Amino acid sequence: MSLLSLNSMKTNIGQYAVLHDVTLEVPEGGVFVLLGRNGAGKTTTLRSIMGLWQPSPGSVLFNGQDITAMHTADIARLDIAFVPENMGVFGGLTVEENLILATAKGRFDPTRLKRIYELFPALETFWTKQAWALSGGQKQMLAVARAIIEPRALILIDEPTKGLAPAIVDAMADAFREIAQNTTILLVEQNFEFAKSLGRDMAVIDDGRIAHSGTMADFAADTALQDRLLSLSA
Amino acid sequence: MQQINDFAGRLGGVYLLPVVVAALAFVMIGAPSSWVTLTVAGLAMGMMIFLMASGLSLVFGLMDVLNFGHSAFVSFGAFIAASVLAWLSGWLEADAVSLNIAALFLAFGAAILFGLVAGWFFETVIVKPVYKDHLRQILITMGALIVAEQMILAIWGGTPVSVPRPEFLEGSLLIGDITIEIYRIFAFLLGLGVYAALYLTLNRTRIGLLIRAGVENREMVEALGFRVDRLFVAVFMLGSALAALGGAMWAGYETLITPALGAEMMIVVFIVVIIGGLGSIQGTLLGAIMVGLMANYIGYLAPKLALASNMILMVAILLWRPNGLKPAAK
């Protein structure tokens with residue numbers, strides 16, 4: 001059974017239909033990559049899973065449980081974490097406060113905190129700094145750290161490499177590889193090289209519909225398919 | 001210019017503003033005793049306005065709700081406290097300070113209790129159906145304010161109601177040729193106490209952390225597993241209770257209140273929230289103190305400008321800082 005199933009999901013934003021028919025199976029474990037051009041519906045897919053936009057018709061099943069009509073907070077309590085495109089860090093809060101807010105009981109598990117320090121040493125350095133003062137890369141680290149401060153069954157990450165320096169992107173890739181050993185990541189990405197280095201399974205969304213799904217190895221080998229589904233000229 | 005800004009920042013930044021205004025007023029007023037009296041009056045007035053405005057600022061910041069009915073809680077708080085004080089007039093006139101204090105705190109307690117219950121009702125019945133629709137929020141909450149005013153008229157009548165003060169808060173302190181009303185000192189200290197409690201709650205507790213985070217990014221707080229709508233009801237109730245307490249304090253300050261009190265205070269409260277910066281308790285305190293000080297100084301120096309002092313202050317601050325003095329980070 002898949003960890004996450006999207007069935008004929010359709011989502012409207014206001015009067016605009018953004019997702020027309022998204023059907024997708026995300027298996028448990030590893031990194032599942034959702035690729036697509038700008039405006040194809042990647043972010044809307046993640047937000048629909050989190051209940052931030054309501055899909056109708058269609059359904060979202062998580063571990064077999066229908067979460068389509070659930071409140072975002074209740075979905076999050078099923079151990080689903082969300083790292084949005086804009087990172088969603090709270091600028092007026094310190095790094096520590098941002099992280100403690102994401103803990104279930106308001107206190108840190110020392111083992112997990114140590115792991116976060118190892119993955120993202122900058123967060124320990126700027127522990128008492130307000131998040132607005134962090135660089136873009138550090139904010140992204142904080143956003144990801146917040147997603148893994150507690151054990152999660154699924155982490156939804158929206159374009160984590162956007163606007164980041166290559167060195168930070170490499171560090172982020174290493175972190176995701178380690179995180180994916182214990183959890184499932186549904187990664188939305190436009191940076192194909194980054195996605196290719198991480199993904200085991202993948203899908204491409206185009207104009208609100210899943211246009212292709214399969215293994216990343218097969219997709220990476222098929223340049224004609226990549227051109228057709230991802231290139232700007234197509 | 002940058003060097004001036006950096007220097008001002010090191011000295012306290014915008015928090016320095018009331019000090020600068022007070023120093024300028026000192027030079028312009030000339031007489032130190034008048035200056036002290038006006039400054040204490042301004043600080044006391046500012047603290048009472050802070051009580052009324054702090055809840056509105058959080059509600060505005062957290063849920064983007066324009067509640068023009070907020071000052072109805074101020075009115076009801078004032079009238080309920082006045083009624084309780086009148087009912088306990090025997091205690092107020094007693095020589096025993098303990099009875100004086102008991103009467104005062106029962107009056108405040110009644111106002112706060114009303115604020116909590118009415119806040120819950122107002123949020124659930126009136127505000128909830130119009131989330132995310134500013135035009136309807138303005139219309140329905142203005143309507144609610146009018147209904148509240150009419151209810152006050154029906155219950156307490158149209159004639160001004162006099163508010164008895166406890167014996168121990170009557171009179172003034174005389175220090176040399178400086179006269180300071182005891183009630184003003186009390187209002188200042190109570191406001192300071194409420195500010196300290198709010199500050200500690202917002203900065204040292206998990207619920208405070210959630211409120212601060214929710215003001216910045218409500219959606220993300222929900223994505224972390226917290227029901228912001230439930231948090232909002234609690235904040236709304238707290239804000240309404242603080243407004244009612246502010247109204248009760250104001251009633252004792254004015255000693256004569258009319259049903260138009262809410263509508264009169266609404267403008268001041270909104271000015272404070274706007275110049276302070278939305279969603280920020282520190283900003284609201286700063287804005288309230290600025291309004292209190294300016295009203296007293298201008299009332300003394302240029303009485304004809306007194307009515308316009310709040311507007312002039314708001315225009316000047318918004319020209320300098322369009323988001324207010326100390327807005328919550330967004």
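**Figure 1. Overall build of chain A.** Chain A comprises ten helices and ten strands, where helices (H or I, at least four residues) and strands (E, at least two) are DSSP runs numbered from the N terminus. The radius of gyration of chain A is 17 Å, close to the 17 Å given by the globule rule for 234 residues, so chain A is as compact as a globular protein of that length; the radius is taken over C-alpha atoms, and the rule is 2.2 Å times the number of residues to the power 0.38. This is a predicted model, in which local features need pLDDT of at least 70 and side-chain atom pairs count only at pLDDT 80 or more, while totals for chains, interfaces and linings use all residues. Residues are numbered from 1 along each chain as its sequence is written, and chains are lettered from A and ligands numbered from 1 in the order in which they are written. The C-alpha atoms of chain A fill a box of roughly 45 × 35 × 35 Å along the principal axes. Of its 234 residues, 43% count as buried, that is, with 20 or more other C-beta atoms within 10 Å of their own; residues with 12 or fewer are exposed, those in between are partly exposed, and C-beta atoms are placed from the backbone.

**Figure 2. The side of chain A that touches chain B.** In this region 18 residues of chain A are in contact with 17 residues of chain B, a contact being two C-beta atoms, placed from the backbone, within 7 Å. Helix H2 (72-76) and helix H3 (95-101) of chain A each supply at least two residues of this side. H2(A) gives the most, with three residues.

**Figure 3. The largest nonpolar core.** Of the 180 residues in this core, Leu156(A), Leu187(A), Met48(B), Ile49(B) and Val269(B) touch the most other members. Such a core is a set of buried Ala, Val, Leu, Ile, Met, Phe, Trp, Tyr and Cys residues joined through C-beta atoms within 7 Å. Helix H3 (residues 32-63) of chain B contributes the largest share of the core, 20 residues. Not counting residues up to four places away in sequence, Ile49(B) touches Val268(B), Val269(B), Val272(B), Ala288(B), Val291(B) and Gly292(B).

**Figure 4. Surroundings of Trp250(B).** Trp250(B) is placed in helix H11 (residues 228-254) of chain B. It counts as buried because it has 24 C-beta neighbours inside 10 Å. Beyond residues up to four places away in sequence, Trp250(B) touches Met48(B), Val74(B) and Ala78(B).

Figure 5. The 14 residues of H7(A) (residues 166-179) should span 20 Å at 1.5 Å a residue, and the end C-alpha atoms are 20 Å apart, which agrees; the expected span is 1.5 Å times one less than the number of residues. Met172(A), Phe176(A) and Ile179(A) are the buried residues of H7(A). They cover an arc of only 60° around the axis, and therefore lie on the same side of H7(A); the arc is that of the directions from the helix axis to the C-beta atoms. On the other side, Pro166(A), Ala167(A) and Asp174(A) are exposed.

Figure 6. Most residues other than glycine have a negative phi, and most peptide bonds are trans. The peptide bond from Ser56(A) to Pro57(A) is cis, with omega near -5°. Phi of Asn63(A) is near 50°, a positive value in a residue other than glycine.
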